[in-house]
Each structure stands twice: as structure tokens, then as C-alpha cells.
2 protein chains.
Amino acid sequence: MEKKQVKVGLLGLGTVGTGVARILEMHQDDLLKQTSVEIKIAKVLVSDLQKKRSIELDADLFTLSAADIIEDPEIDIVIELIGGIEPTKQYILDALDRGKHVITANKDLMALHGTEILAKAAEKGCDVYYEASVAGGIPILRALVDGFSSDRIHKMIGIVNGTTNYILTKMSQEGAQYEDVLKEAQELGYAEADPTADVEGFDAARKMAILSNLGFKVDFDLNHVDVRGMSNVTAEDIAYGKKLGYVIKLLGIAQRDEGCIEVSVQPTMIHRKHPLASVNGVFNAVYVYGAAVGETMFYGPGAGELPTATAVTSDLVTVVKNMKLGISGKSVVAPYRETILKTPEQIESKFFLRLLVSDQPGVLAEITTRLASYDISIEQIIQQPNRDHAEAEIILITHMASKKGMDQILTELTTIEAVKEIKSYYRVEGLEDK
Amino acid sequence: MEKKQVKVGLLGLGTVGTGVARILEMHQDDLLKQTSVEIKIAKVLVSDLQKKRSIELDADLFTLSAADIIEDPEIDIVIELIGGIEPTKQYILDALDRGKHVITANKDLMALHGTEILAKAAEKGCDVYYEASVAGGIPILRALVDGFSSDRIHKMIGIVNGTTNYILTKMSQEGAQYEDVLKEAQELGYAEADPTADVEGFDAARKMAILSNLGFKVDFDLNHVDVRGMSNVTAEDIAYGKKLGYVIKLLGIAQRDEGCIEVSVQPTMIHRKHPLASVNGVFNAVYVYGAAVGETMFYGPGAGELPTATAVTSDLVTVVKNMKLGISGKSVVAPYRETILKTPEQIESKFFLRLLVSDQPGVLAEITTRLASYDISIEQIIQQPNRDHAEAEIILITHMASKKGMDQILTELTTIEAVKEIKSYYRVEGLEDK
């Protein structure tokens, strides 16, 4: 490449877009040293030309029309930071059609339409990078693609949603209930007014789909992520977990055994000595298990203006280097494994189960017998009478059991007269990858 | 590149070499899918042709002569796993001279002669990769070079020596003394018969020099790493640290402030809530502070056959991809910053200090006054009489103070009659990067 200057079009100038402009300004000497090319923001799509902004950018750069960027032959690279599926997807496809490289932080789009977008990029010889779409500033996608290229990854556990991790951390530290902490998080700006995508696990599911694609080299359908939100987690569950040596986190779990894959998001009891148990507040982390490398963890800020922007801008450096080296569009490894989903019999883990029962002789025996009939044996159990001794709580953690067996026992328990209520149940992750 | 096969020469078939051969065998389908090239071990330098080995390799591959590999025009890539400086350095330079790409896990060589080797590689258009030289299976060098390419890293703290971390973890968990745990570690094979390089911090120093070069984009002289070993750490220091909320770890600390750099290795008290405080046993971790990204951590196995081998083999995949793309030797960013060392006045941290003093009135006042005269103020202090009340221990943690001030006060304290002994002192790292 002869160019001494690369022109970038920014679609969107919200938090992350502002951060990108700021980093390009702050670190321009370093970027020039590394790429030998001046990276220049040539145009910025905004929705309001008059809006006061926290950075100074030449007013001439702003446009209200995406076409001004996508159709500008001088623009080499488009950075998409609008979010959402439409019209964003079309913008990206159009930009690729015109030979522009694309960087995006859009997890929804990459989880749902990543394959189509990457195929178009390959066809056009263009780069598409999206490090910022998962776990903000943590360079986890690069690690999966390059760092572990020679290994075979069989499990990834992610704390990939900062909002829910903040809420669960606060609940755990203060013994507070979900609703109270959510309200506080909303006031602090850590949770959206409508927190559904975060607390119901949808945001984490998209990130786990992206991690699964890159880690397992498959084309995983987002609809196959088994998602359970964390809005029903109670202070009592957290307290019982603590008693048994566990911490509740909203975990994304992607696992591949004998060629079959499960991907899920759910509130999970994780052993307090597991490194993920100490990932607190808005921090994110991805724990990776590889056949050769063993266990590794990548920890850092999952959101925020500059952390996310640094992921975008590092992608930008890569795209510029690829242009210089003449290898644009050539770094992608297409998925080469078929996605075979695990059956519910094949999905195995330990489980936590908390029951309200009549405090009468024989109840415990009946429950453990029923569990045993589904091949579910018990690792730890606490029985605790309520104050009036009419009812008791039984809290137990099973040994490894199949999801199918657990689903069946949960149904069957509701038919037992002495079982007044299934208070809660959680997947349990231990220290060992077993 | 037209080639359908790439030939690799292995210099050394110890633990890591065996692991590389094993991974190439186990994951050959994946490697072929990713590179479209068959990676074949063509020759292996060994010191004993008859030795029984834990893997099956064709006996024809073995040679006793490095020249058989370095001078073989059919060999494209040399993987150096002998270790040490000579004759290894010459082997690598000779291989580069003949246009071969080089992968090495040799931290000593890269810390001491990395610049010379990388310059030769650039001259010859060859790749040199050395991910396995720091923190075994953790892809930290890639993260510094690529993942944070757009950021400005100002601090890295590493637990980069598994042996000493194992010893300190055991001492901390069991209240045991250094000598006892070292002996146990030696019996388990976690420590060498001669543990000097590990326990005196030299091994960690080499890794910190490599991290500094890549993180700060400098050419840092290994001799400028300020090294203090951990063989004087006592169970009592660990217990006092715990009381004050700290854990003792052998930390490598590389810091760059206003263009000036300090790099050190020393036993350090780190706040128990800092993520590094929970990195236990033989695990390694590198904590990276970037201007934009904030705080991130990379955690994983620092040694071992397969973890280290996976780093080597992932480098191999990169080298093969670069050959295919025709960009060999073009990925290195040469150091572009001058190394300016901090003066002892500029090196600042908190300190832990433990003194044995006469248990008489006015001693505490005298010590705090002396500290204040060097602008050292106190954050936490414990005074504890010995059983006979003739002597007392004073344990304190300072606010931020300069290394120069601390060195001076340590000398001055020995001149005070009431100070019987300076039992110990440690650098202290808090939760915030301040």
C-alpha cells in the first residue's frame, strides 16, 4: 500500500464512538509509529448536527446521511457503532460491497448475522473485526483465534454482562434483594431503564454465541443458546450458596464434548475458589479450558467509553496493517465444524436445589429416593427447620447429573405432597473441569 | 506460497519439545483446516539417540548435529527449545541467516539478546516468535502487541514464576516456613535442585524485561531490572501481612510514568482484594494497566509440557500463515521509545516495614518523626509487645513514598539505639493504580 493516510468513516458518535475519536487523538504518535500511516476520521454519521459533544471535532465532518460515508470512494474503513440490526446490517453489507473494511462493536448483529457478514467480507476481500462486541476491552476474540490456534478449546465460561455482575456482586456483598439493587444500578447508570436484555440473559447469550463460533470453529445458531435470566435470584439463595461454599454469578457456559455442543446462560453457583467467583462489580471475564493449555482466564472491563473504544481502535490498527501488508480479508478462518447440539441427556452438571417441605419424618428419605431413581446422588445437604417447625427447608447440591434427569425430577417433586415449594435451583460449577 | 507442506526442525526434545510433537499429532486436522498446509517435523536435535521417549517419533528424524537442521535447505522453520545462551544464540542467528523462521521459548536469550535477534530477523525477512518465553500458555505477548496496539500501557504487574508462587501460596495457606516448603516443592518437581534462578527472582526479571519491551515499545536492558529474591520471606511476615489485609507475592512490576521507566522484581505485599492476590499455586498472571483500557488480567498455567507447547505451536501456526500470506518478518514493531530510567526519587510506592524495638516510652514517636523527616507518612500501624515486654514489634504500612526516602530511612533506622532490628520490609501494591 502506497497510502500515507487512511480515511475512516464513523457510523455513530455515542459513548464508544467518542472514545474512538479520543484515542485516535490521544495516541496518534503511537499509532503512526506502529502503522506508518496517518489514520484520519473523514466523516461521522450523527443523528443531530447541533448536539453539544464532549469532544471537539470539525463540524464539517458530521453528516446525517449514512450514504455520505458508505458511498464515499475516499473512505477506506467504516466503523459501525450504531448498534441494532437494521439499518446497520445493510450499512455494513453496502460498505463491504464497495470494498470498505468494517469494524463493529455490534454483538447483536454479529451473533445473528455474523456468518453472512463474514462471507460477504471474504467475497470482497475485506476485513471485518469485532473484538469490542464481547467483553469490551478484553482482547478475548484475538486470543481464541490466534493465541489458541493450535489448541482445541472444549469449554468457555463467561461473565460477559457487567450490569448483572454488578447487581449480583452487590446482592452478595450486602445481602440485598434484586429489586433494590437493580434500582440503585439504574440510578448509577449501570443498568438501563429497561433492563430486560441484561437481566434476562439475552445480551450474554449473544456474546456466548460469538465466543462459541470462534472457540469451537462452528456456526452456532443464537436460538440454540439455552437462556435463563437472573431476576429470580434471591438474597436467601445467595446466603445458602455462601454456606455451601459457592457464589452466584450469571454465567455463560459453552461446552463441547465428543463433538457435541451446549451453550447456555443462567445464574450459576460457582465454587468460591474458582477464579471467576472473584470477578466482581462491572468487570467481565472469560475462562477458557483448552485440551493442551488447560485453564486460562481473561479479565477486564466489559464496557465503558475508553475500554470498548480501545478494542475498536486496536482492530483499526490491525485493519490498517493488513491493508499495508496486502492481506485484507485473508485472516478469517471460516467455521469448519458442524454444529451438533447435545441432547438433554448429554448436558451434565451438578445442581443446587432448595425445597420447602413439611417438617415430618420420612420426607428427606422420600426426596433422596426419588433423586436416586433418576441416578442423581447428593454431594452436600442441609436441612433447616423453619421457626414454627411446621415446615423445613432442604438445600442440596447433587453430584453430576443430566439436565434431562433434573428437569424430570423438578416436575416429579411438584407431585409429592410433602414438597410445598421448589424455592430455587441452579446449575453448579466446581473447581475442576469435571 | 505454493507449498502444501512446511518442514519444521526441532532443536531439543525435552518436556516442551515433546509437547509440541504431541500437539502436532493430536490436533493435526485442526491445524490443516486453519493453515491448509501440512506441518511436518522433519528433524529433531537430541543429545542421546538411544534414549527412551514418551512419544513415538521415527528414529530417522533424530540427529546429534544442529547443523543437520540449520543447514538443511528443506527446513522452513526452526523451533528452539534447548534453552541457555550458547550455543543457542548462534544456532538461531545461523538459522535466520539461512532464511529460516524461528520460534523459541527461551526467555534468557530473548531478554538478553532479543533486540539483536529481531534485527537479524527483520534484515532477513524472517519471523521470530517467542510467546512461550513468558507465562507459558497465556497468550500475553500477543495481547501486548496486537490486542492493546492502540492503547498506551503504563504498568504491568506479573506473577511470572510458578515455583515461587507455589512456595508463597503454600507458606501462606499453611503458615509454613520457606525452607520447609522449598524442600517439598523440590520433591514434587515444582522447584529445581538449585532453585536460585527462581527464588532469587532472576527468572522473573527476564520475563519482566521481555514484557517491558513489548508493552512499552522500548529496548530495556535486563541489567536495569531491580531484583530482590524471596528466600528471606518468613511465615511471620506473611501473618502480619494477612492481619493488615495483604498477601505476599513475588511480583514483577514494570511501570512507565511521564516517559520514565522502572522495572523490578521483589516480594511484595498486595492487597487481598486485588485479583493478583488470588493467583495461587503454580499459576501465572499478568495484570496490565492501560491508559484507555484500564485494568485487565491474563491468567493461566505458567509452565508444563502442553501449556507451554501450545504457545509454541500457536506461534508455529502464525509463522505458517505469514508464509502463506507472504508477510514473513513484517509483523514486528521495532522499539520506538527511548529507555529513560526513573531515578530512586521517582520510584514511588507504599512500603511495609517491620521493626524490633525496645519496649520503652518515646520509641514510636521517634520512629514516626524520623519517617516524617523523609516525607513518609503512615497509613496503618500495629505495635505489639513481645512476651517479656522488654521488646516490641512495630509493623507499619506507609503512604506513597519514594524508594530513595525508604532506602535512606532504612539506613538511618539502624543508627537508632532503640531499634534492635529491621525484621523486614516490602513494597506494597494497593487496589488502585495509585
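Predicted model: local features only at pLDDT ≥ 70, side-chain atom pairs only at ≥ 80, totals over all residues.
Residues are numbered from 1 along each chain as its sequence is written, and chains are lettered from A in the order in which they are written. Local features need pLDDT of at least 70 and side-chain atom pairs pLDDT 80 or more, whereas totals for chains, interfaces and linings use all residues; side-chain values use heavy atoms, without hydrogens and water.

**View 1. Extent of the interface between chain A and chain B.** Contact (heavy atoms within 4.5 Å) joins 47 residues of chain A to 47 residues of chain B. The buried area, meaning the accessible area (1.4 Å probe) lost by the two parts on being put together and summed over both, is about 4100 Å², with 56% from carbon and sulfur atoms. A:S150, A:Y299 and A:Y336 supply 15% of the area that chain A buries against chain B, more than any other three residues.

**View 2. Salt bridge between A:R337 and B:D30.** The closest N and O atoms of this pair are 2.3 Å apart. A salt bridge places a side-chain nitrogen of Lys or Arg within 4 Å of a carboxyl oxygen of Asp or Glu, and 4 are counted between the two chains.

**View 3. Antiparallel pairing of strand β12 of chain A with strand β12 of chain B.** Strands are DSSP runs of E of at least two residues, numbered from the N terminus, and two strands pair if DSSP finds at least two bridges between them. Here the pairing extends over 3 bridges, the strand of chain B comprising residues 294–301. B:M297 is the bridge partner of A:Y299.

Key
Helix = DSSP H or I, 4+ residues; strand = E, 2+ residues; numbered from the N terminus.
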